[in-house]
Amino acid sequence: MVHAPGNPLPGGCNRQHAIASLNIRAKGAQVPDANTPPAHRSLDPEKPSIARVNDYFLGGSFNTPVDRAFAARALRALPAMKTAAMANRHFLRRVVTYLVENGVRQFVDLGCGIPTVGGVHHVARALTPDTPDTAVVYVDNDPIAVAQSKRLLRDDPATVVLDADLRHPTEILDHPAVHGLLDFTRPIAVLMIGVLHFIPDRDNPHRILAGYRDNLPRGSYLALSHLSDEAASPELQAQVRDGIRTYQNDAGPLAARSHATLASWLTELEIIPPGITIANAWRATTNDPTGTDHDLVLGAVARLP
Ligand SMILES: C[S@@+](CC[C@H](N)C(=O)[O-])C[C@H]1O[C@@H](n2cnc3c(N)ncnc32)[C@H](O)[C@@H]1O
């Protein structure tokens with residue numbers, strides 16, 4: 001789903017239309033269709049958006065000059081930032097593959113971002129062509145990510161796109177559209193790929209995870225990937241600190257966290273082997289990239305017993 005030249009959009013998104021609609025919204029105009037950003041949040045054209053910057057790192061087109069200027073600053077501080085964004089996408093693919101192979105057909109993708117090639121429903125359905133019914137709830141709180149996801153998925157009855165904040169687990173899980181799509185008597189996988197590092201400690205990520213854990217059926221899964229500099233060299237750790245400062249100054253909170261912190265969030269769950277690892281090493285295949293640049297993302301999948 002990456003909106004990039006030479007990278008056609010599954011679902012037939014009209015790229016020109018989409019970019020035009022991004023520009024319209026950046027000027028604050030009303031767009032009278034389902035893609036209109038929520039009224040309670042107006043876009044600040046001077047502020048970079050985490051979703052659009054991530055889209056830029058992944059080679060997409062849903063980003064503005066402000067996003068690209070910020071991305072350049074972030075990459076100057078931490079050149080591995082782009083590699084980390086790619087590591088999240090690779091991890092997502094392997095996690096969804098593992099979960100589908102273990103019978104999961106229902107997903108909630110929190111902080112899904114701007115629709116990108118290799119989204120959850122693409123990966124899952126490619127693995128189960130005979131039963132293309134994998135249900136996916138996509139959730140983001142970025143107006144462009146929500147609008148473009150809605151546009152791409154408007155004809156897909158097995159997906160729901162929610163404009164919501166992942167910090168409110170019960171609001172998301174209790175949402176009528178979610179209950180209309182997901183069967184809460186069967187396992188559900190909640191994915192938090194590359195997003196929890198944007199949740200500061202004051203918002204209590206552990207409590208947020210517990211909110212999902214405690215409201216999912218038995219046999220469900222939580223999967224997460226997270227920025228971490230534990231395995232990095234001192235030089236790379238200094239770059240991570242600079243990268244975090246760059247985000248905090250201009251885009252919003254960002255935090256690197258340790259293996260021990262992630263483990264403390266996954267209490268009362270069975271952590272799936274190989275455990276909390278460098279995301280790129282998690283059930284990696286020979287096609288997955290390696291190298292110290294990739295060591296900045298930790299990943300884990302855990303199951304509700
Ligand atoms: C770095 S992107 C990751 C996107 C995608 N998961 C991936 O791995 O490519 C982080 C996404 O999380 C979203 N996000 C950040 N905080 C959020 C929150 N509190 N609730 C919902 N989404 C959030 C951002 O808007 C952005 O789209």
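**Exercise 1. Determine which elements the buried residues of α9 pack against.**

Solution. The model is predicted; local features need pLDDT of at least 70, side-chain atom pairs count only at pLDDT 80 or more, and totals for chains, interfaces and linings use all residues. Residues are numbered from 1 along each chain as its sequence is written.

Step 1. A residue is buried if 20 or more other C-beta atoms, placed from the backbone, lie within 10 Å of its own. In helix α9 (residues 205-213), this selects P205, I208, L209 and Y212.

Step 2. These residues lie on the same side of α9, because they cover an arc of only 95 degrees around the axis, the arc being that of the directions from the helix axis to the C-beta atoms.

Step 3. Their packing partners are α7 (169-173), β4 (189-193), β5 (221-227) and α11 (259-265). Contact requires C-beta atoms within 7 Å.

**Exercise 2. Describe the packing of helix α2 with helix α3.**

Solution. Step 1. Helix α2 (residues 50-57) meets helix α3 (residues 65-77) at an angle of about 70 degrees, and their axes are 9 Å apart. Axes are lines fitted to C-alpha atoms over the stretch in contact, with angles from 0 to 180 degrees between N-to-C directions.

Step 2. The two helices α2 and α3 are therefore roughly perpendicular, a class that spans 65 to 115 degrees.

Step 3. R52, V53, Y56 and F57 of α2 make the contact with D67, R68, F70 and A71 of α3.

Step 4. By class, the residues of this α2 and α3 contact are five nonpolar, no polar and three charged.

How values were computed: Buried ≥ 20, exposed ≤ 12 C-beta atoms within 10 Å, placed from the backbone. Helix = DSSP H or I, 4+ residues; strand = E, 2+ residues; numbered from the N terminus. Contact = placed C-beta atoms within 7 Å. Parallel < 35°, antiparallel > 145°, perpendicular 65-115°, else oblique. Nonpolar A, V, L, I, M, F, W, Y, C, P; charged D, E, K, R; others polar.
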